[in-house]
There are 2 protein chains.
Amino acid sequence: MIKNLESMLSTNILGMKRSAIRELLKLTQRPEIISFAGGLPSPDTFPIEQLKEICLEVLNEDGASALQYGATEGDPALREELVKLYKKQNFDIDIGNLVITTASQQGLDLLAKVFIDRGDIVICGLPSYLGGLSAFSSYGAEMIGIKFDEHGMRSDLLRKVVEDLDAKNKKPKFVYIIPDFQNPAGVTMPDFRRQEIIDIAHEYNLLIVEDSPYKELRFEGEHQTSLYVLDGNGQVITMGTFSKIFVPGFRIGWIIAHKDIVDKFVVGKQATDLCTSPFVQKISARFLAKGYFEENLIKTTAMYKEKKALMMKCFDEEMPKEVTWTKPEGGLFLFMYLPEGMDAAKLFQRAIKNNVAFVTGDVFHCDGSGKNTLRINFSYSSKPQICEGVKRLAKAIREEMEEM
Amino acid sequence: MIKNLESMLSTNILGMKRSAIRELLKLTQRPEIISFAGGLPSPDTFPIEQLKEICLEVLNEDGASALQYGATEGDPALREELVKLYKKQNFDIDIGNLVITTASQQGLDLLAKVFIDRGDIVICGLPSYLGGLSAFSSYGAEMIGIKFDEHGMRSDLLRKVVEDLDAKNKKPKFVYIIPDFQNPAGVTMPDFRRQEIIDIAHEYNLLIVEDSPYKELRFEGEHQTSLYVLDGNGQVITMGTFSKIFVPGFRIGWIIAHKDIVDKFVVGKQATDLCTSPFVQKISARFLAKGYFEENLIKTTAMYKEKKALMMKCFDEEMPKEVTWTKPEGGLFLFMYLPEGMDAAKLFQRAIKNNVAFVTGDVFHCDGSGKNTLRINFSYSSKPQICEGVKRLAKAIREEMEEM
């Protein structure tokens, strides 16, 4: 073996850890475990018959270009279809504002590549999506977390942090926000809070990153306006992905931004993977063009609505009154608050023994807080698994409370 | 638009340019142009009928996991199949030594992410693959180029550079080598030269990166031993890809290394794209398991052998005697030397007017040398296009010579 490998590694990789969630998921793959841990969509939502039809079409009609290298910006037909979707949400864009990424994790990586030097500041929510935190930290970003209220990131605290930085002649590279059915909190930011944040962005010339993988999965309440649309000044970068609203296995995401910013993402992507698979892009473009996407989304949303309602009912029946949880209007996750002082990591060990799994909430807090919180996924498990899993989890929590 | 965008960008992105080749390729996409510029495989090698069969099988038998998230390390079945292929080449590995990447460009990006801090030294060939140079430079690597002879990178010059660095207490992070049918030079490194380089690596505890996308495309001469096999001490990282030997459109590559190094690549990949598309991985695994891969490779190699022979014949007939070129035993490229003092960039403009394209050789030289060289691809064009394209190129060269 080569000697002194550690001394040869980059500063960035030395600071990176294996994803806590993905390592945890390995523990939870025993078949007897009911897992609320992952962020997996239900495989029952995968449109297998339609994909069989489309795969044959793509190979018959467009095989030579589907199997060849493609443009770094992405397949033009897919970009056109996505632009159509966003125009329905009042985005004022054309395909020059949209670059395809190898799922949204590559979008997050490129965001860091384009903007972050070691020591740069990024503002995020407390809590915030772990994949975002990992990507930014992997380039040496210093994360500043902003506490949540029931409307998501608190704009008063954001303003204070930005003002304090400004007084020290510092500025965050961007503010990372997941406005719809936030991962992990399950909270949606209402329009008035979005406007407050956009106002701060305009006042201080800040970039806002709007990560929105779940927005289309709304099963109740009112659609809120995208930060991109509220801004209208090229200060918002919106990220999307097919992973939760179509299939994760194609690894297709996208970034929408001002053309000058898109240009930087394209340059970064050229050095990163040249292009995203044209084969899966062309399949996806046809899936959208045929109207299958919206059809499948309606089915998916209805399914998740039922699963979420069932989980709420089971919680109401099973959980000790000291435990509370968020009530998402869409998406895949809710967030649970254990009694103050209870350690979710300790609960996790007991839960695994009881054959039920979740993700501890602390991993989503860049400041290490949230020790008494946990993230629960309601999209993946079947209905009987949801009922039985909640029983097991409630039992583990009660046992843990007795020992406190 | 946000104000002062440039001031918000990372040092790395400010140093990156759009890929010269990919920008050039846009110029050469007019249908009347015969392009020897890209590195594209022939679409006639794409096994469309077999892929139709396999896509249906994967969706019928394995749809739920093919369309779901997958392991960061890659699909176990695909890794097993690749290990079998490499064992035939005497690699002493198991699947723990192999991680799937989103084509080899992601492998190059991860290599930089894992090893490079701004200012670190990387040694490469003069010339060397542009995608490698771009990926390393994008992390701030300082490239030192080593001149070639007819056996590839000169080991005497490599030793001298390493000795000189050692005297200054410096050390390159790795030496980047493309031993088989090198891109762009088309040169293959014989075993004795490989051994000399491995000896230097052992003496100075260096890492060697063996980028080998074309090795399986040998149409004449003897198979040479992989640097990984010659080393046997965990000091070589071998990179492979399906892009030239199966299809580029799936974006599947891999890295083979000591398990301690693979572990770092997995950590880096988690933050970069979580996993490579399980759908295309599962299709590829079945393509290998059914024996279609080797069958298709035989067909591909035979086709490229004929195209290369035809190009050599046309060169012999058409080119002025002052022009020379390498005679590759495999792969997709050859390298051409124009008369000393002729500028390939100037020739390019004339060639485009004559409706033929190539890539200027200087972009492959980290020190900006190679002004009188050019890279010619012989895999993509049809046989009539090869004959006509060589005529047009020879005419452009003669015209350029008359003006010198």
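Predicted model: local features only at pLDDT ≥ 70, side-chain atom pairs only at ≥ 80, totals over all residues.
Residues are numbered from 1 along each chain as its sequence is written, and chains are lettered from A and ligands numbered from 1 in the order in which they are written.

**View 1. Chain A is divided into two domains.**
Domain 1 covers 5-47 + 296-403, and domain 2 covers 65-292; such bounds come from an automatic or database domain assignment. The C-alpha centres of the two domains of chain A lie 24 Å apart. Across the boundary, 36 residues of domain 1 of chain A are in contact with 35 residues of domain 2 of chain A (two residues are in contact if their C-beta atoms, placed from the backbone, lie within 7 Å). On the domain 1 side, helix H2 (11-14), helix H3 (20-27), helix H13 (292-318) and strand E11 (333-337) of chain A each supply at least two residues. Helices (H or I, at least four residues) and strands (E, at least two) are DSSP runs, numbered from the N terminus. H13(A) gives the most to this side, with 7 residues. By class, the domain 1 side has 16 nonpolar, 15 polar and 5 charged residues. Here Ala, Val, Leu, Ile, Met, Phe, Trp, Tyr, Cys and Pro count as nonpolar, Asp, Glu, Lys and Arg as charged, and the others, Gly among them, as polar.

**View 2. Chain A touches chain B.**
In this interface, 70 residues of chain A are in contact with 69 residues of chain B. Among the elements that give two or more residues to the chain A side are helix H4 (48-66), helix H11 (259-273) and helix H12 (278-289) of chain A. The chain A side divides into 35 nonpolar, 23 polar and 12 charged residues.

**View 3. A rotation superposes chain A on chain B.**
Two copies of a chain are related by a rotation about an axis and a shift along it. For chain A and chain B, the rotation is 180 degrees and the shift along the axis is 0.0 Å, with an RMSD of 0.0 Å. The two copies are therefore related as by a two-fold rotation axis. The superposition is by least squares on the C-alpha atoms of residues with pLDDT of at least 70 in both copies. In chain A, the C-alpha nearest the axis belongs to Cys55(A), 3.5 Å from it. The same surface serves both copies, as 99% of the contact residues of chain A recur in chain B.

**View 4. Four strands of chain A form an open antiparallel sheet.**
The order of the strands is E10-E11-E14-E13, where two strands pair if DSSP finds at least two bridges between them. Strand E10 (324-325) and strand E13 (359-360) of chain A are the edge strands, and each pairs on one side only. E11(A) pairs with strand E14 (residues 373-377) of chain A over 5 bridges, in the antiparallel sense. Phe335(A) stands opposite Arg375(A) in E14(A).

**View 5. Eight strands of chain A form an open mixed sheet.**
The strand order is E2-E9-E8-E7-E6-E3-E4-E5. At the edges are strand E2 (98-101) and strand E5 (152-153) of chain A, each pairing on one side only. Strand E7 (residues 208-211) and strand E8 (residues 236-241) of chain A run parallel and are joined by 4 bridges. Asp211(A) stands opposite Met239(A) in E8(A).

**View 6. Two helices of chain B pack together.**
Helix H6 (residues 103-115) and helix H7 (residues 130-137) of chain B pack at an angle of about 35 degrees, with their axes 8 Å apart. Axes are lines fitted to C-alpha atoms, for helices over the stretch in contact, and angles run from 0 to 180 degrees between N-to-C directions. H6(B) contributes Gln105(B), Leu108(B), Asp109(B) and Ala112(B) to the contact, and H7(B) contributes Gly131(B), Gly132(B), Ala135(B) and Phe136(B). By class, this contact has 4 nonpolar, 3 polar and 1 charged residues.

Most residues other than glycine have a negative phi, and most peptide bonds are trans.
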